[in-house]
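Thanks for coming. I will go through one structure today, starting with a term and then moving to the charged pairs and the sheets.

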Amino acid sequence: MRLRHLFIACLLLVAAAASAKQVKITVNILAPQHRDSVYLVVNEDMAHYIALPIENGEVHATLKLEKGAFVRANWELSERIYVQTIFIVDGKSVDINLRRASVKGSPLNNRFFQHVHTIDSVVNSRLYIDPPHSNDPQRQKEIMENFRAATQAEGQRIQIETSRMLDIIFMNEKDNIIPAWFVFQYYDARQKVPYYANTKKPQPWMKHNILQQKAEELAIIMKNALGNK
């Protein structure tokens, strides 16, 4: 019964997050040459974006944005997520270098990038993009069999390592909005939602607006967890 109530609560929180507090933030951007504008996409909501004109290769703007929002800066509108140019709105100024895909900001942003870089370094694939080729059919068959086996083993390693790192992040960062990003970004993190929904301590990151885009998937995950109780 408890999980059923949590399932309903999770849907309500994700589908209709409370109106968020707005804070001022100064954004300084070093933009690529020969571009007209920089676009800010808030919580990956592509329908609503902020276009900032580039002057002499730079952008300087003071904006009012949702506190705790994830904002992606790019010189073009794209659904692709450029993690290196995402920052968290916390009322601090942020410096973005789009030429080098880097962000300098508050301790919260620095911690966010530290987690991102740690996961990237841990799960970095050790396989070649393409397997080697041999003109000998028997040798080529062996190469492909070994490559498929190695690919499967590498996939399992990546899944295990990613899940392990996410457990550490959730344990250490569960009182702020960083976990919301990882739930949004990683399939393995979304599978952990029923467990965290069933803990005694409230998980404020479950209310984050960015998770509205995963509402349908999270509903299925919660429903499946409910079916196993």
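First the term: a residue is called buried when its relative accessible area is under 20%, exposed when that area is over 50%, and partly exposed in between. Keep in mind that this is a predicted model.

Take Arg164. Its relative accessible area is 41%, so Arg164 is partly exposed. Arg164 makes a salt bridge with Glu161, and the closest N and O atoms are 2.8 Å apart. Both residues sit in helix H3, residues 137-173, three residues apart, which is about one turn of the helix.

Helix H3 also contributes Asp167, which pairs with Lys192 from the loop between helix H5 (187-190) and helix H6 (193-197), so this pair ties together parts that are 25 residues apart in sequence. Asp167, at 36%, counts as partly exposed.

Next, Glu44 and Arg72. They form a salt bridge, with the closest N and O atoms 2.8 Å apart.

Which buried residue has no salt bridge? Glu66, in strand E4, is buried without one, and the nearest side chain of opposite charge, Lys67, is 11 Å away. The side chain of Glu66 does have a polar contact of 3.5 Å with that of Asn43.

Now the sheets. Strand E4 belongs to an open sheet of four strands, ordered E4-E1-E7-E8, with mixed pairing. E4 (58-66) and E8 (102-104) are the edge strands; each has a single partner, so one side of each is left without a neighbour in the sheet. From one strand to the next, the twist averages 25°. E1, residues 22-30, pairs with E4 in the antiparallel sense over nine bridges, and Lys24 stands opposite Lys64 in E4.

The other open sheet I want to show has four strands in the order E3-E2-E5-E6, with antiparallel pairing. Its edge strands are E3 (49-53) and E6 (86-88), each pairing on one side only. Here too the twist averages 25° from one strand to the next. E5, residues 70-74, pairs with E6 over three bridges, with Phe70 opposite Ile88 in E6. Helix H2, residues 107-123, packs on this sheet and touches E5 and E6; its direction makes about 135° with that of E6.

Note on methods
Residues numbered from 1 in each chain as written. Predicted model: local features only at pLDDT ≥ 70, side-chain atom pairs only at ≥ 80, totals over all residues. Heavy atoms only, no water. Pairing = 2+ DSSP bridges. Helix = DSSP H or I, 4+ residues; strand = E, 2+ residues; numbered from the N terminus. Axes fitted to C-alpha atoms, helices over the stretch in contact; angles between N-to-C directions. Buried < 20%, exposed > 50% of the residue type's maximum accessible area, 1.4 Å probe, protein only. Lys, Arg positive; Asp, Glu negative; His and termini not counted. Salt bridge = Lys/Arg side-chain N within 4 Å of Asp/Glu carboxyl O. Polar contact = N/O pair within 3.5 Å; in protein donor to acceptor, adjacent residues only side chain to side chain. Contact = heavy atoms within 4.5 Å.
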